[in-house]
Amino acid sequence: MSVITTRTALIEQGRWLTVQDCKRVLVVVHTVTFAQRLREVFGLLAADLRIQVVFTTAPHVFGNGVKEYLQELGIVAMPWEDALRTDFDLALAAGSRGVHELRTPVVRVSHGAGHIKLLTDTSLLAPGETRSPGMLSPQHLLHEGRVGPAAITYAHERDIAELARSCPEALPVAHVVGDPCVDRITAGMARREQYRGALGVAPGERLVTVASTWGPTSTFGRIDALLPHLLHQLPGAADRVALLVHPNVFAGHGAWQVRGWLAGCRGHGIALVPPEADWQAVLIASDVIIGDHGSLTAYGTLTDAALLLTPGPRREISAYSPAARLAATAPALLPAHPLADQLDYAVSQFTPGQYGEVAALLSSAPGDFHRRMRSVLYRLLGLGEPASPPVVPPLPLPGPLERWEAGASTWADTWADTWVDRRAVR
């Protein structure tokens with residue numbers, strides 16, 4: 001994959017580039033979450049010398065950390081203003097903001113485990129209009145009454161049925177391709193013990209993962225209620241704890257602040273997984289997942305972990321989503337009972353495959369995302385596909401949990417500890 005790394009070469013429309021006559025694909029990255037999903041898509045074009053891939057970062061309220069994430073991949077993004085003035089053969093985006101301004105056909109890529117959260121901005125809804133999840137709503141798919149994307153990809157046939165009710169105008173460009181996270185996690189289960197070893201989870205130890213989406217009704221939004229239980233009732237001698245927090249929490253509050261709020265966890269063996277890390281390996285390695293209505297918890301149904309749900313906003317969740325189905329079947333975490341007892345109960349009641357009905361709602365094309373997604377891209381580019389299956393490398397081994405234990409941000413922790421000491425003196 002050729003990546004344009006200078007503004008001048010791009011503005012000159014490839015005049016100074018060594019590899020010539022390439023189809024030009026623009027990857028529009030709004031947030032770290034979107035970047036992680038798009039990585040599964042633009043990676044399909046990586047080895048094709050007929051294609052030049054270019055990246056840009058579009059303005060977004062949760063855009064903090066995007067440039068750093070891309071730089072870790074060796075990618076330098078072109079300015080958004082230049083991308084708007086430049087012609088491309090195709091663009092890839094997981095978000096909707098600003099993409100209608102591009103001078104190129106756009107492929108909208110679904111992200112997350114199904115379509116969970118309903119539209120929060122109801123000001124654009126017509127009287128009596130039903131709220132739909134973003135990627136199924138006219139507000140996100142239409143611009144000035146017309147379908148914006150050249151193609152929209154979905155994970156499940158149920159999404160198409162829902163789209164027929166919410167935005168039938170988009171049906172001609174809708175494609176069911178499956179879910180890359182479903183495929184990755186399912187394939188990665190064979191390496192579960194390797195992931196546990198890489199994380200430093202010893203035989204006989206129990207890995208408890210706390211998974212949180214973003215927003216005031218998320219687990220992290222109520223972390224003040226859960227944290228005392230984690231600190232004082234876990235971890236026991238055989239418990240390890242990992243916090244998987246949505247990247248939007250870090251982007252919205254800042255990594256320094258998030259780590260500062262969790263500085264009291266230092267010395268308790270609780271690891272805060274950074275937003276850029278590969279969360280799928282942590283889920284696979286887990287024995288128990290304490291989760292909310294977010295995608296991470298839903299993806300947890302693909303693993304061998306017992307689940308325990310924190311309270312969620314029922315009116316804000318799509319009734320047909322995997323999250324809604326899970327909320328109706330998984331045990332609920334109650335603050336009045338000791339956390340350790342509830343974890344033991346959830347484990348004792350869990351049986352492998354218990355949430356198979358929920359997991360089946362995540363993808364109607366399991367194991368086939370990369371092949372289907374590649375076919376959509378090459379058809380829109382007007383190119384024949386490579387004469388070999390898509391190369392999908394396995395999930396990398398994660399680093400040890402000790403590296404991510406609260407306190408990794410030394411300055412924040414020192415400051416927080418000093419502040420606590422001062423208050424104690426007073």
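Predicted model: local features only at pLDDT ≥ 70, side-chain atom pairs only at ≥ 80, totals over all residues.

Student: Okay, what's the strand order in the open sheet?
Tutor: The five strands go E12-E11-E10-E13-E14, with parallel pairing.

Student: Which strands stand at the edges?
Tutor: Strand E12 (270–273) and strand E14 (306–309) do. Each has a single partner strand, so one side of each lacks a neighbour in the sheet.

Student: And the twist, what does that average from one strand to the next?
Tutor: The average is 20°.

Student: Let's zoom in on E13. How many bridges join it to E14?
Tutor: Four, between E14 and residues 288–291 of E13, and the two strands run parallel. Val-288 sits opposite Ala-306 in E14, and Ile-289 is opposite Leu-307.

Student: What about E10 and E13, how many bridges there?
Tutor: Four again: E10 covers residues 206–212 and pairs with E13 in the parallel sense. Thr-209 has Ile-289 of E13 as its bridge partner.

Student: Where do the E13 residues point?
Tutor: Val-288 and Ile-290 point one way, while Ile-289 and Gly-291 point the other way. In a regular strand, side chains alternate between the two faces of the sheet.

Student: Are those four E13 residues buried or exposed?
Tutor: Val-288, Ile-289, Ile-290 and Gly-291 are all buried.

How values were computed: Residues numbered from 1 in each chain as written. Heavy atoms only, no water. Pairing = 2+ DSSP bridges. Axes fitted to C-alpha atoms, helices over the stretch in contact; angles between N-to-C directions. Buried < 20%, exposed > 50% of the residue type's maximum accessible area, 1.4 Å probe, protein only.
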